[in-house]
Amino acid sequence: IENPLGGYGKTLSQVIIGLKTVKGTLPYTLEDIRAIVQIRAKTEGLTLSEEALNHLAESGIRTSLRYVIQLLTPASILARINGRENITLEDIKEVDDLFYDAKSSAKVLTEYQ
């Protein structure tokens with residue numbers, strides 16, 4: 001049986017990797033990051049204010065999608081500690097001040113070496 005995804009005995013992952021390297025990948029847009037954060041928050045049962053969601057999307061452009069997704073859990077804990085179910089902009093800003101994204105962390109490390 002011939003492989004419909006590329007023949008020559010390639011696996012699906014090899015075909016996908018090949019397509020990514022040939023076509024390249026584009027950075028996420030503000031709207032992409034906003035949508036992904038919103039989906040992730042919904043999946044985790046979290047509610048975000050519009051201001052918090054917009055701030056996370058803008059921060060994702062400057063830092064990374066991974067970083068802003070990782071801010072959701074501590075922000076939700078902070079909101080619950082303060083007696084709220086909804087994550088606010090203030091929650092996001094407070095936890096953002098506690099952590100470094102990968103680029104900022106690397107910059108700090110190179111400055112202190």
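Visitor: What makes the span of H4 close to the expected one?

Guide: H4 has 17 residues and reaches 25 Å from its first C-alpha to its last, close to the 24 Å expected at 1.5 Å a residue. The expected span is 1.5 Å times one less than the number of residues. The model is predicted: local features need pLDDT of at least 70, side-chain atom pairs count only at pLDDT 80 or more, and totals for chains, interfaces and linings use all residues. Residues are numbered from 1 along each chain as its sequence is written, and side-chain values use heavy atoms, without hydrogens and water.

Visitor: Where in H4 is the kink, and how do you know?

Guide: The kink lies at threonine 73, shortly before proline 74, and is about 25 degrees. The bend is the angle between axes fitted to the seven residues ending there and the seven starting there.

Visitor: Why is threonine 88 called buried?

Guide: Buried means under 20% relative accessible area (exposed is over 50%, partly exposed in between; 1.4 Å probe, protein chains only). Threonine 88 has 16%, so the residue is buried. Threonine 88 lies in the loop between strand E2 (86–87) and H5. Leaving aside neighbours within four places in sequence, threonine 88 is in contact (heavy atoms within 4.5 Å) with Ser49 and Ala52.

Visitor: What covers the buried residues of H4?

Guide: The cover includes H2, strand E1 (47–48), H3, E2 and H5. Among the buried residues of H4 are Leu65, Tyr67 and Val68.

Conventions: Helix = DSSP H or I, 4+ residues; strand = E, 2+ residues; numbered from the N terminus.
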